[in-house]
Amino acid sequence: MASEELAQKLQRRLQLEESGAAAEGEEVAKGEEVVAGGDGERSCLTASADAELSAKLCRRQDINEGAAQPRRAAVFNPYTEFKEFSRRQIKDMERMFRLYDSGRDGYIDLMELKLMMEKLGAPQTHLGLKNMIKEVDEDFDGKLSFREFLLIFHKAAAGELEEDSGLLTLAKLSEIDVSIEGVKGAKNFFEAKVQALSSASKFEAEIKAEQDERKREEEERKHRRAAFRELKSAFTQ
């Protein structure tokens with residue numbers, strides 16, 4: 001088999017796996033497939049190499065040689081994607097996420113989730129924790145990203161979680177108010193439109209309030225500095 005054809009097949013398989021389209025439990029053929037030849041040919045598989053790792057190495061080589069373009073990760077903006085929540089709610093969720101992300105890697109893994117549920121007073125079994133993660137684990141990596149963490153509250157607010165769900169327990173015990181239904185939960189288009197406009201106005205009001213708060217704090221700092229200078233000059237005279 002030609003090396004380029006093999007490399008293309010490996011790349012297609014990697015893309016399917018990364019998008020979650022590859023079926024679980026798919027058997028990976030084992031054995032030595034060494035492809036050699038003239039100009040441009042290379043070895044992509046060895047007897048001990050894992051197929052996925054080989055595909056990644058091949059793709060990296062293609063990128064380095066200019067034969068492929070690197071994928072650009074989409075930028076996640078919680079304020080635009082989860083419009084049903086206010087800025088304050090999202091900030092509260094972010095603080096809670098960071099509190100339990102003890103590894104500081106941007107994820108809450110199973111052990112960190114275990115600690116969170118214990119701190120909230122609702123300890124879960126190992127299987128229960130795995131099921132909690134699985135319910136919102138969109139990329140199947142076995143841990144919670146911040147976006148997936150927000151999905152918990154999104155599903156709770158929209159009434160999409162079962163009553164006995166560990167995620168619903170987490171949302172209820174977090175002390176973050178998510179009782180307001182999102183735009184998707186409105187009964188009709190008119191209600192959804194009004195709710196969307198109200199949400200946008202509230203969002204702008206919160207930004208203005210934050211800006212006013214920063215201005216007020218800056219003014220207070222200026223006054224304190226001025227008072228300190230006056231006091232200092234009085235002692236130096």
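**Notes on the aromatic pairs, core and salt bridges**

1. Let's start with Phe76, which counts as partly exposed at 29% relative accessibility (buried means under 20% relative accessible area, exposed over 50%, and partly exposed in between, with a 1.4 Å probe and protein chains only). Before going on, note that this is a predicted model: local features need pLDDT of at least 70, side-chain atom pairs count only at pLDDT 80 or more, and totals for chains, interfaces and linings use all residues. Residues are numbered from 1 along each chain as its sequence is written, and side-chain values use heavy atoms, with hydrogens and water left out.

2. How many aromatic pairs does a search of the whole structure find? There are six, where rings of Phe, Tyr and Trp (its six-membered ring) pair if their centres lie within 6.5 Å; planes under 30 degrees apart count as stacked, over 60 as edge-to-face and the rest as tilted. Phe76 and Phe146 make an edge-to-face pair, because their ring centres are 6.3 Å apart and their planes sit at 65°. Phe76 is in the loop between α2 (51–65) and α3 (78–81) while Phe146 is in helix α7 (residues 146–157), so this pair ties together parts 70 residues apart in sequence. (Helices are DSSP runs of H or I with at least four residues, numbered from the N terminus.) Phe146 itself is buried, at 15% relative accessibility.

3. Now look at Phe82 and Phe85: with centres 6.5 Å apart and planes at 15°, the pair is stacked. Phe82 is buried at 2% relative accessible area, and Phe85 is buried at 5%.

4. Arg87 has its charged end over the ring of Tyr79, 4.7 Å from the centre. Lys143 lies over the face of Tyr107, 4.3 Å from the ring centre.

5. Next, the core. A nonpolar core is a set of buried Ala, Val, Leu, Ile, Met, Phe, Trp, Tyr and Cys residues joined through side-chain atoms within 4.5 Å. The largest one here has 33 residues, and those with the most contacts inside it are Met96, Leu113, Met116, Phe149, Phe153 and Leu170. Two or more residues come from each of α4 (87–100), α5 (110–119), α6 (126–136), α7 and α8 (166–173). Which element gives the most to this core? That's α7, with eight residues.

6. Finally, the structure holds eleven salt bridges (a side-chain nitrogen of Lys or Arg within 4 Å of a carboxyl oxygen of Asp or Glu). One of them joins Arg98 to Glu94, with the closest N and O atoms 2.8 Å apart. These two are four residues apart in helix α4, so about one helical turn separates them. Arg98 is exposed at 53% relative accessible area, whereas Glu94 is partly exposed at 23%. Lys172 and Glu163 meet at 3.0 Å, N to O, and both are exposed. Glu138 and Arg147 also form a salt bridge, at 2.4 Å, N to O. Through shared partners, salt bridges join Glu81, Glu138 and Arg147 into one network.

Notes:
A charge sits over a ring if NZ of Lys or CZ of Arg is within 6 Å of the ring centre and within 35 degrees of the ring normal.
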